[in-house]
Amino acid sequence: MSVFTGREKLKLGFGLMRLPKKEDGSIDREQVKEMVDLFMEAGGTYFDTAFAYPGSEEAIKECLVDRYPRESYTLASKLIIPPGSDIDEESAKAETKTSLERSGAGYFDYYLVHAIQRGNYKKYEEYGIWDYVKGLKEQGLIKHMGFSFHGDPELLEELLEKHPEAEFVQLQINYADWENPGVASRRNWEICKEHGKPVTVMEPVKGGILADPIDTVKAVFDKEGTGASYASWALRFVASKDNLLAVLSGMSSVEQMKDNLSFMKDFKPLDEHEEEVIRKAQEAFDSDKSIPCTGCHYCTEGCPMGIPIPDIFTVQNRKKGSPEFRTKREYVIVTQGKGVASDCIQCGQCEAACPQHLPIIELLEGCRELEN
Ligand code: SF4
Ligand code: SF4
């Protein structure tokens, strides 16, 4: 049923959302080149960028597109209408031209309607984005169309019924969200299977949370004594599923690339015992009270008070996890020149934009204690 050519030799895809940064905040392109070379040498092909990832499309032009034959890799990008944004139809459609110019790729192998959820799916319909993307395919500017999804199973069913032209779906799947009702990793993956749509996985390490999980989760893996990284457990859990096109890991360093390649190059699915270990880690994760923010920043752009929401959540989580953490100092640093938790006017913009469906207003109320 899949329309794909099977070009993706490695299940690991290189997610370009969290590229390494230099001290001045710019993307460390020399390090990205090294990562690209390691990935390509190992047989990797799938690169995943987006209009919405700052500096990512430009960086991949220099680090990949200008350095490798076009047919040696596949490149995905995405068109976004952020939930709650007042972007007009013309500007939304103009994103494709900008993405093609920034990346210099000539065409995208995969092009996605990005981050669909209840807060924006009607806008995509209203602006005729599905037909527009179909038109891009007819013009040869993209090879395959799909969508990335952060909504509930009912909405996913509805979209797949309505848009059979979508050839694949990008879903958030990781062991911590497998049964999380807010994300519904398992059910959404099953629905894609039922509809014969291959899945590209995003957030297999939950924005880095599962690469450095809470102590109780670490203890479950440490007990095994294998020395395998926490990230490797998370990625192997996802990559052991079937009906996958690629598992994207948003890598931020050469070390992360090397670690991922060490177990993804000659991939072995989890065995029965390892599946049991993951079940225990899921239980430990479920009993944790940390804020499960992935740091994607979709919430911050439209905040009228300029509140650095994910940074505040990080401080709050670290405070809970470590009594010695210098909370007050960190809080002052992350909020310098910006809004603080108590500045929130409860407009709700951030909650409509959050792909993790976090009750941000309530969580920020809990973070006010950091100001004392
Ligand atoms: S609800 Fe608060 S934090 Fe969220 S966008 Fe509005 S002001 Fe910012
Ligand atoms: S609060 Fe939600 S939207 Fe904001 S960074 Fe965290 S996960 Fe992303």
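Helices (H or I, at least four residues) and strands (E, at least two) are DSSP runs, numbered from the N terminus. This is a predicted model, in which local features need pLDDT of at least 70, side-chain atom pairs count only at pLDDT 80 or more, and totals for chains, interfaces and linings use all residues. Residues are numbered from 1 along each chain as its sequence is written, chains are lettered from A and ligands numbered from 1 in the order in which they are written, and side-chain values use heavy atoms, with hydrogens and water left out.

Start with T335. This residue is found in helix α13 (residues 327–335). T335 is buried, with a relative accessible area of 8%. Buried means under 20% relative accessible area, exposed over 50%, and partly exposed in between (1.4 Å probe, protein chains only). Leaving aside residues up to four places away in sequence, T335 touches P308, I312 and V340. Contact here means heavy atoms within 4.5 Å.

Turn now to the ligands. A residue is near a molecule if one of its heavy atoms lies within 4 Å of it. Ligand 1 is surrounded by 14 residues, and the closest are C303, C344, C347, G348 and C350. Helices α14 (349–353) and α15 (360–367) are the elements that give two or more residues to this shell. By class, the shell around ligand 1 has eleven nonpolar, three polar and no charged residues. Ala, Val, Leu, Ile, Met, Phe, Trp, Tyr, Cys and Pro count as nonpolar, Asp, Glu, Lys and Arg as charged, and the others, Gly among them, as polar.

Ligand 2 has 13 residues around it. The closest are C293, C296, H297, C299 and C354. Its shell has nine nonpolar, four polar and no charged residues.

Next come the salt bridges. The whole structure holds 27 of them. Each is a side-chain nitrogen of Lys or Arg within 4 Å of a carboxyl oxygen of Asp or Glu.

One joins E125 and K162, with the closest N and O atoms 4.0 Å apart. E125 lies in helix α4 (residues 121–126) and K162 in helix α6 (residues 153–162), so the pair ties together parts that are 37 residues apart in sequence. E125 is partly exposed at 27%, and K162 is partly exposed at 46%.

Another joins K137 and E167, at 3.1 Å. K137 lies in helix α5 (residues 129–138) and E167 in the loop between α6 and β6 (168–172), so parts 30 residues apart in sequence are tied together. K137 is partly exposed at 33%, whereas E167 is buried at 9%.
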